[in-house]
Amino acid sequence: MNARTSALLLALFLASAASRQVAAAGNETTVASMGPGPASSQVAAAGDAPLYKVTDGYKVDPETFKGFQTWRAAACERCHGPNQEGLVGPSLVNSLKVLSKDDFVKTVRDGRSGTAMAGFAHVESVMNNVDHLYAYLKGRSDGAITRARVERAQ
Ligand code: HEC
């Protein structure tokens with residue numbers, strides 16, 4: 001490869017990197033300007049602070065990120081699937097469309113007797129983060145968080 005060819009290739013690479021950045025920035029603007037609604041980047045419980053914030057489908061606020069960490073640490077995915085799609089346990093993407101927050105907390109705390117769903121009442125790391133866990137799973141269920149493995153927004 002002569003010097004001219006390499007310079008040309010470098011220029012092409014830089015140009016495509018730059019256009020990727022523009023695309024990413026454009027996407028963020030779209031999400032932010034969509035306002036409330038099912039596809040929104042913020043979902044608020046009536047009158048409260050947003051339940052979760054997400055950009056680009058996977059960059060979440062620190063609290064929601066804690067929810068994801070709790071999910072991983074408690075290994076809920078063993079039964080509910082790495083993408084919450086369900087395995088031995090039901091799909092939580094589906095469940096959280098109908099389950100109330102109270103029922104969610106109660107199920108996680110007390111489990112469901114006679115099933116594989118054991119309670120986590122004695123697991124402090126889960127109970128201390130149950131709101132964040134709910135926010136993360138609700139975001140997944142709403143379809144606003146588009147992949148299970150989220151990252152903390154910068
Ligand atoms: C050992 C397997 C197992 C593990 C681990 C597990 N679950 Fe479950 N989970 C189940 C099963 C099975 C059910 C269905 C219980 C029933 O039939 O009512 C269930 C039900 C639930 C439900 C209620 C769903 C509905 O539609 O009513 C929620 C919410 C839930 N699990 C959340 C969690 C969370 C959060 C974790 C981790 C902290 C977790 N589960 C860990 C097996 C498990």
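The structure is a predicted model, in which local features need pLDDT of at least 70 and side-chain atom pairs count only at pLDDT 80 or more, while totals for chains, interfaces and linings use all residues. Residues are numbered from 1 along each chain as its sequence is written. The average pLDDT of the protein (the predictor's confidence in each residue, from 0 to 100) is 82, and 69% of the residues score at least 70. Over residues 8-40 the pLDDT stays under 50, and for this stretch the model has 12 contacts beyond four places in sequence. Two residues are in contact if their C-beta atoms, placed from the backbone, lie within 7 Å.

The protein contains 7 helices and 4 strands. Helices (H or I, at least four residues) and strands (E, at least two) are DSSP runs, numbered from the N terminus. Read from the N terminus, the order of elements is α-β-β-β-α-α-α-α-α-α-β. Of the 154 residues, 22% count as buried; a residue is buried if 20 or more other C-beta atoms lie within 10 Å of its own, exposed if 12 or fewer, and partly exposed in between, with C-beta atoms placed from the backbone. Among contacts between residues at least 6 apart in sequence, 61% join residues at least 24 apart.

Two packed helices are described by the angle between their axes and the distance between the axes. Helix 2 (residues 62-73) packs with helix 7 (residues 130-142) at an angle of about 95°, the axes being 7 Å apart. Helix 2 is therefore roughly perpendicular to helix 7. Axes are lines fitted to C-alpha atoms, for helices over the stretch in contact, and angles run from 0 to 180 degrees between N-to-C directions; those under 35 degrees count as roughly parallel, over 145 as roughly antiparallel, 65 to 115 as roughly perpendicular and the rest as oblique. Helix 2 contributes Glu63, Thr64, Lys66, Gly67, Phe68, Thr70 and Trp71 to the contact, and helix 7 contributes His132, Leu133, Ala135, Tyr136 and Gly139. The contact residues divide into 5 nonpolar, 5 polar and 2 charged.

Alanine 73 also lies in helix 2 and is exposed, with 12 C-beta neighbours inside 10 Å. Its C-alpha atom is 8.5 Å from that of valine 126, 53 residues away in sequence. In the loop between helix 2 and helix 3, alanine 75 is exposed, with 9 other C-beta atoms within 10 Å.

Most residues other than glycine have a negative phi. In alanine 75, phi is positive, near 60°. Aspartate 56, in the loop between strand 2 (50-55) and strand 3 (59-60), likewise has a positive phi near 60°. Aspartate 56 is partly exposed, with 14 C-beta neighbours inside 10 Å.

Alanine 118 occupies the loop between helix 5 and helix 6 (124-127). With 13 other C-beta atoms within 10 Å, alanine 118 is partly exposed. The C-alpha atoms of alanine 118 and threonine 107 are separated by 8.7 Å, the two residues being 11 apart along the chain.

Conventions. Nonpolar A, V, L, I, M, F, W, Y, C, P; charged D, E, K, R; others polar.
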